[in-house]
Amino acid sequence: MNKKVILIGHYGVGKTSLVKRFVHSMFSEEYITTIGVKIDKKTVTVNGTSVNLLIWDIAGESSQQKVPQSYRLGAHGALYVFDLSRPSTYQQIEEEINSLKALLPNIPVEILGNKADLVTKEEIDQVSQQIHPLKASLTSAKTGEHVDDAFEKLTQSMMV
Ligand code: GTP
Ligand code: MG
């Protein structure tokens, strides 16, 4: 079974790093912005079923780059990533999730607050209050914290 997963969110939040951690068990401090989209594959087994994840790592939009909406079409699930250490990446989160859901109704969306290694427990509590009622999983592509869990949780939700 093939499932298309998209990673979206502002530039520099760690989308490429999360994929690199999940697929290749690696991390790099270097920032090389994604141009357009990069597609990776990983097979996971959930509840005894083997699932080929086609992971579309889509560039975050910036003044230099506009990304075609068509990259998102046909997705079976989405990881919406923001940067816990950079408020501008989650200030509009509700609107952004709503427009994603308008484009892709009925697909599971997991929200990831990434770079958990850079913030304190108190800062995380503040972010949770700000994005309430949305709930985010806390991940770190650097330490690997909750990265596999996030992809597995999304895969589970795509299969029901
Ligand atoms: P675009 O492709 O431009 O949209 O960015 P992106 O979301 O793919 O971000 P990318 O993975 O390239 O990471 C941007 C920078 O953040 C890089 O310097 C990474 O090393 C760093 N980074 C990513 N995830 C983490 C993390 O969990 N912790 C820390 N400390 N740094 C991270
Ligand atoms: Mg990238």
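How many salt bridges does a search of the whole structure find? The search turns up seven, a salt bridge being a side-chain nitrogen of Lys or Arg within 4 Å of a carboxyl oxygen of Asp or Glu. The model is predicted, so to speak for its cut-offs: local features need pLDDT of at least 70, side-chain atom pairs count only at pLDDT 80 or more, and totals for chains, interfaces and linings use all residues. Residues are numbered from 1 along each chain as its sequence is written, chains are lettered from A and ligands numbered from 1 in the order written, and side-chain values use heavy atoms, with hydrogens and water left out.

One of the salt bridges pairs Glu29 with Lys142, with 2.8 Å between the closest N and O atoms. This pair ties together distant parts of the chain, 113 residues apart: Glu29 sits in the loop between H1 and strand E2 (37-46), and Lys142 in the loop between strand E6 (137-138) and helix H4 (147-158). Helices (H or I, at least four residues) and strands (E, at least two) are DSSP runs, numbered from the N terminus.

Glu29 also turns up at ligand 1: of the 24 residues around the ligand, Ser17, Ser28, Glu29, Tyr31 and Thr33 come nearest, where near means a heavy atom within 4 Å. Helix H1 (residues 15-24) supplies the largest share of this shell, three residues. By class, the shell holds seven nonpolar, 11 polar and six charged residues.

As for polar contacts (N or O pairs within 3.5 Å), oxygen atoms of ligand 1 lie 2.6 Å from a polar side-chain atom of Ser17 and 2.5 Å from one of Thr33. A side-chain N or O atom of Asn114 is 3.2 Å from a nitrogen atom of the ligand. On its own, ligand 1 has 650 Å² of accessible area (Shrake-Rupley, 1.4 Å probe), and the protein covers 94% of that.

His132 and Pro133 are joined by a cis peptide bond, with omega about 15°; Pro133 lies in the loop between helix H3 (121-131) and E6. Asn47, not a glycine, has a positive phi of about 50°, and its place is the loop between E2 and strand E3 (49-58).

Technical notes:
A polar contact is a pair of N or O atoms within 3.5 Å; within protein, one must be able to donate a hydrogen and the other to accept it, and residues adjacent in sequence count only if both atoms are side-chain atoms. Ala, Val, Leu, Ile, Met, Phe, Trp, Tyr, Cys and Pro count as nonpolar, Asp, Glu, Lys and Arg as charged, and the others, Gly among them, as polar.
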